[in-house]
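Thanks for coming. I will go through one structure today, starting with one chain and ending with the places where parts meet.

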Amino acid sequence: MLTIWGRKTSINVQKVMWAVEELGLAHERIDAGGPFGKTDTADYGKLNPNRLVPVIDDKGFILWESNACARYLANTYGLGTLAPSGPEDRARCDQWMDWSITTLYPDVVPSLFVSFVRVTAADRDMAKVNAAAKRAGENLALLDAQLAGHDYILGNTLTMADIAVGTLLYRYNTMPIERPKLPNAEAYYQRLSARKAYQTHVMIDWQSMKIPGA
Amino acid sequence: MLTVYGRANSINVRKVLWMLDEVGEPFDRQDWGRGYRPTSEPDFMRLSIFGVVPIIDDGGFVLRESQTIVRYLANKHSRHDLYPADLKARAQTESWMDWASTDLYAAARPVFHAMIVNAKDPTTAVAPADGVADWAKHMKRLDQQLTNEGPFLMGAAFTIADIPAGMVVNRWFALKFDKPELPAVAGYYDRLAERRAFRTHGRNGTP
Ligand SMILES: N[C@@H](CCC(=O)N[C@@H](CS)C(=O)NCC(=O)O)C(=O)O
Ligand SMILES: N[C@@H](CCC(=O)N[C@@H](CS)C(=O)NCC(=O)O)C(=O)O
């Protein structure tokens, strides 16, 4: 049995859960992190010494880092679907996955999302928020260009590249920020939003995560 | 011949150069990016609208993202010693690469920015204390892994897991500020320096 450790409100857990459901894998998810705690226990330290979520346990094989988890599941259980089979398409998937964690994520999550959820409106650094929103919009214009003429990042089927990038789009599109008009990216977000797995695991309202005054 | 686009002093370009030397692939390199030809020029934009270095052009196959390129090169040369074929070991290798380029790299960034990127005079620039503390916390995590599972991140032998982490370790030692003793990391830095490719592109005096 596959076990996923992590609260369903964590964006990095959402990425893995979305992949799990697209692949149709039998699994159990155990709440950990945030209000559920558990990540500071000795046992959790053995699963992930970084004490972060997600962690997966696939019949005794333990793995952390959300992209590595999604890619492992796709390579193991979704070769030819979530994981393309040719080496060049694999590399193309990889470059979007790496881009999502190194370039898009720092603006969308630590700078924007955390500012709206973990910082009171009075303390919020709006210069930082606006700069991050602007950069995120500029980066998503690159996604918009990539999506011209096809439905998903690599072509006409959903791959792990879409899972890594797409997870960030719900946060991005539900925050009170200015967003440039990006027709392809917008249509793509609507397309993802029509998928049951995306609705169930990614489109999770985050208003209740706000601290008082945020 | 494979061409690398990017200045040789960029940490992300250096990962790719290190890997090219590990696999012994001949290449050309063109200087692009901050301080050199701007990536906004049409000759670069034609290849990648992303405007960041490195990118490679391998016989018409254009690829960006340093760690994607490193993995692509390992696959291209079937170097399963550097990037395991077994999917589980492969995924663990990737988890260290991802960790080094996200959580560890993000922790190193404020200190690097204060001492180099934004410093008026890098010879006198001072490291911000909170930045050093956060970076040190992540370096301790590396020290713990190397102590328990070392001498390399994936155990007995060097793999591509060591490339992103090795570049941050170089930055840690190459920048002058008071640091906690991390014996396993110090040993790792010397062990990596036994490799010519790391001495050329990593531990070469540039943080
Ligand atoms: N680079 C890691 C980051 C993991 C991470 O930062 N997880 C956050 C949640 S999104 C966490 O564990 N926070 C502490 C907590 O939830 O208790 C990944 O992609 O898996
Ligand atoms: N995630 C990308 C990041 C690339 C990146 O940020 N490159 C920097 C240099 S380290 C850059 O191109 N900066 C602009 C410039 O040099 O003009 C990668 O690993 O390749």
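What percentage of the 214 residues in chain A is made up of buried residues? The figure is 42%. A residue is buried if 20 or more other C-beta atoms lie within 10 Å of its own, exposed if 12 or fewer, and partly exposed in between, with C-beta atoms placed from the backbone.

Some housekeeping. This is a predicted model, in which local features need pLDDT of at least 70 and side-chain atom pairs count only at pLDDT 80 or more, while totals for chains, interfaces and linings use all residues. Residues are numbered from 1 along each chain as its sequence is written, and chains are lettered from A and ligands numbered from 1 in the order in which they are written.

Chain A has eight helices and four strands. Helices (H or I, at least four residues) and strands (E, at least two) are DSSP runs, numbered from the N terminus. In order from the N terminus, the elements of chain A read β-α-β-α-β-β-α-α-α-α-α-α. The radius of gyration of chain A, taken over C-alpha atoms, is 17 Å, close to the 17 Å from the globule rule for 214 residues, so chain A is as compact as a globular protein of that length. That rule is 2.2 Å times the number of residues to the power 0.38. Along the principal axes, the C-alpha atoms of chain A fill a box of roughly 45 × 45 × 25 Å.

Now a single residue. A:Ile4 sits in strand 1 (residues 2–5) of chain A. Why does A:Ile4 count as buried? Because A:Ile4 has 24 C-beta neighbours inside 10 Å. Leaving aside neighbours within four places in sequence, the contacts of A:Ile4 include A:Val13, A:Val16, A:His27 and A:Ile56. Contact here means that the C-beta atoms of two residues, placed from the backbone, lie within 7 Å.

Next, where the two chains meet. The contact takes 24 residues from chain A and 24 residues from chain B. On the side of chain A that touches chain B, helix 4 of chain A gives the largest share, 10 residues. By class, that side of chain A has 13 nonpolar, six polar and five charged residues. Ala, Val, Leu, Ile, Met, Phe, Trp, Tyr, Cys and Pro count as nonpolar, Asp, Glu, Lys and Arg as charged, and the others, Gly among them, as polar.

On to the ligands. Which residues come nearest to ligand 1? Of the 13 around ligand 1, they are A:Ser10, A:Asn12, A:Gly33, A:Leu52 and A:Ser66. A residue is near a molecule if its C-beta atom, placed from the backbone, lies within 6 Å of it. Residues from chains A and B surround ligand 1, so the site is shared between chains.

Ligand 2 is surrounded by 15 residues, and among the closest are A:Thr102 and B:Arg34. This site is also shared between chains, because residues from chains A and B surround ligand 2. Helix 4 of chain A supplies the largest share of the shell around ligand 2, three residues. That shell divides into four nonpolar, eight polar and three charged residues.

Last, chain B is divided into domain 1 (2–76) and domain 2 (87–201), with bounds from an automatic or database domain assignment. The C-alpha centres of these domains of chain B lie 22 Å apart.
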